[in-house]
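Hi,

Here is the structure I promised to pass on. Have a look at it first, and my notes on what turned up follow below.

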Amino acid sequence: MYAPAHAEGLQVLHWWKSASERKAVDVLVSRLADEGISWRDGVIPSGSGVGASIVLRSRILAGDAPEVAQLNGVLISEWDSLGLLLDVDSTGINGKWDKLLFPTVLTLVQPHGHFVAAPLGIHRINTLFFNRKLFAQHGLAVPQTWAEFELVAAKLQRLGIVPLAQSSEPWQVVSLFETLVLAEGGATFYRDLFVKKNAAAFADERLARALQHLRYLKKWMTVPVPERPWTEVTRQFADGGAAMMVMGDWAKAELYAWGQLNEDSLGCTAVPGTANYHLYDIDTLAMLSASKSYRPAQEKLAKVVMSAAVQADYNQLKGSVPVLRNPDMTKMDSCARASWKLFASGAVAQVPSLAHRMATDEITKDAIIAEVHRYFLDDKISTADTQRRLGVIARTVSNTFASPISRKR
């Protein structure tokens, strides 16, 4: 449902197009309409948002920027440094966002002392979904370790069931890979690699083992591993064509939206070895500098997004959890409650996703994804060569940025 455009309409560029994503967007559309503001939809279908980012950059360069855009992770700070984002300090300060938001979320949307984005929800990436009915039917225990995973996967394969649903699409490969890095080396090692970009960490044996594990897991996937959207991977899992799936919790929302699996038939647990960590992605809507006439509507949008009711309804449909320290827990299922409680436990548990723009800059992220994807597809490439290439990226690519210009308001 989309309200007709009028004088206070805001064009919103984003990449939410699946069934569950559209339902979540409809919550925002409806609540904005109650405020007399129309949502002019600017969806750019592109999985992890690669296409949307390209379109957004092009439109900004052409002087045709939308008023609002989905802008996640490190990009918020980078674009704010360039003076491209509009502050919504009035809403953030009056709404006491500094008291309502988790510190990690607050830092994300207030990178240089000004609120420049409205946070929507927190996704957990390191989630292992399993089909409860299949597991019960064949007497399988939910794997908590990789050794247990191997036993379960081998039995499933003997039964003619694909153990693990997976796509060879780059961002999906690296979403799996980053959970393996976390399982192999823990949060400190993960941050040394992808946040601090410590070149020495890229030569560490733990990275070699994570890479080898990624390649080894192909034996439990459809052969050859097809390149397909995440919704098709989720469909394979929903149809019983695969028993397990490593995917962000947006997949849970999609399964619920399709009506094929519910909380009784869909199980979720942490990827083996990562139970103490919340590998996160945070959805945000950034306000872009445009005509000052849009500021009241942009402020209203930010206020709507941060309301307790919208946080509860949006995240229930999106699969994520609210960004609030004290949210309405009644609309959370068991997976969501576990996700929220772990994130709320503090910074030690919180680990920023590489694949989803939370850990590092776009150029470094893209370069790492390209190398890991290449390694995953081509078994002839050695682990040592991939480690060397990743180390070169850590030393050089992230240092190619020019110094950020002063912000202008």
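When I say two residues are in contact, I mean that they have heavy atoms within 4.5 Å. Please keep in mind that this is a predicted model.

Let's start with Thr-179, which lies in helix α9 (residues 170-194). Setting aside its neighbours within four places in sequence, Thr-179 is in contact with Ile-125, Asn-126, Val-246, Val-271, Thr-274 and Leu-279. Its relative accessible area is 0%, so Thr-179 counts as buried. A polar atom of the Thr-179 side chain also lies 2.6 Å from the backbone oxygen of Leu-176.

Next, Glu-254, which sits in helix α12 (residues 250-258). What does the Glu-254 side chain reach at 3.2 Å? That would be the backbone nitrogen of Ala-19. The Glu-254 side chain also makes a polar contact with the side chain of Ser-20, at 2.4 Å.

The axes of α1 (residues 19-34) and α12 come within 7 Å and cross at roughly 90°, so the two helices are roughly perpendicular to each other. On the α1 side the contact is made by Ala-19, Ser-20, Glu-21 and Lys-23; α12 contributes Trp-250, Ala-253, Glu-254, Ala-257 and Trp-258.

Now the charged pairs. Side chains of opposite charge can pair when their charged atoms come close. The structure holds 23 salt bridges, and here are some of them:

- Asp-41 and Arg-22 form a salt bridge, with their closest N and O atoms 2.9 Å apart. Asp-41 is in strand β2 (residues 39-43) and Arg-22 in helix α1, so the pair ties together parts that are 19 residues apart in sequence. Asp-41 is partly exposed at 30% relative accessible area, while Arg-22, at 17%, counts as buried.
- Arg-389 and Asp-385 meet in a salt bridge at 3.1 Å, N to O. Both lie in helix α17 (residues 383-396), 4 residues apart, about one turn of the helix.
- Asp-366 pairs with Lys-365, the closest N and O atoms being 2.7 Å apart. Asp-366 is partly exposed, with a relative accessible area of 38%, whereas Lys-365 is buried, at 2%.

Cheers

Definitions and conventions
Residues are numbered from 1 along each chain as its sequence is written. This is a predicted model: local features need pLDDT of at least 70, side-chain atom pairs count only at pLDDT 80 or more; totals for chains, interfaces and linings use all residues. Side-chain values use heavy atoms; hydrogens and water are left out. A polar contact is a pair of N or O atoms within 3.5 Å; within protein, one must be able to donate a hydrogen and the other to accept it, and residues adjacent in sequence count only if both atoms are side-chain atoms. Axes are lines fitted to C-alpha atoms, for helices over the stretch in contact, and angles run from 0 to 180 degrees between N-to-C directions. Angles under 35 degrees count as roughly parallel, over 145 as roughly antiparallel, 65 to 115 as roughly perpendicular and the rest as oblique. Buried means under 20% relative accessible area, exposed over 50%, partly exposed in between (1.4 Å probe, protein chains only). A salt bridge is a side-chain nitrogen of Lys or Arg within 4 Å of a carboxyl oxygen of Asp or Glu.
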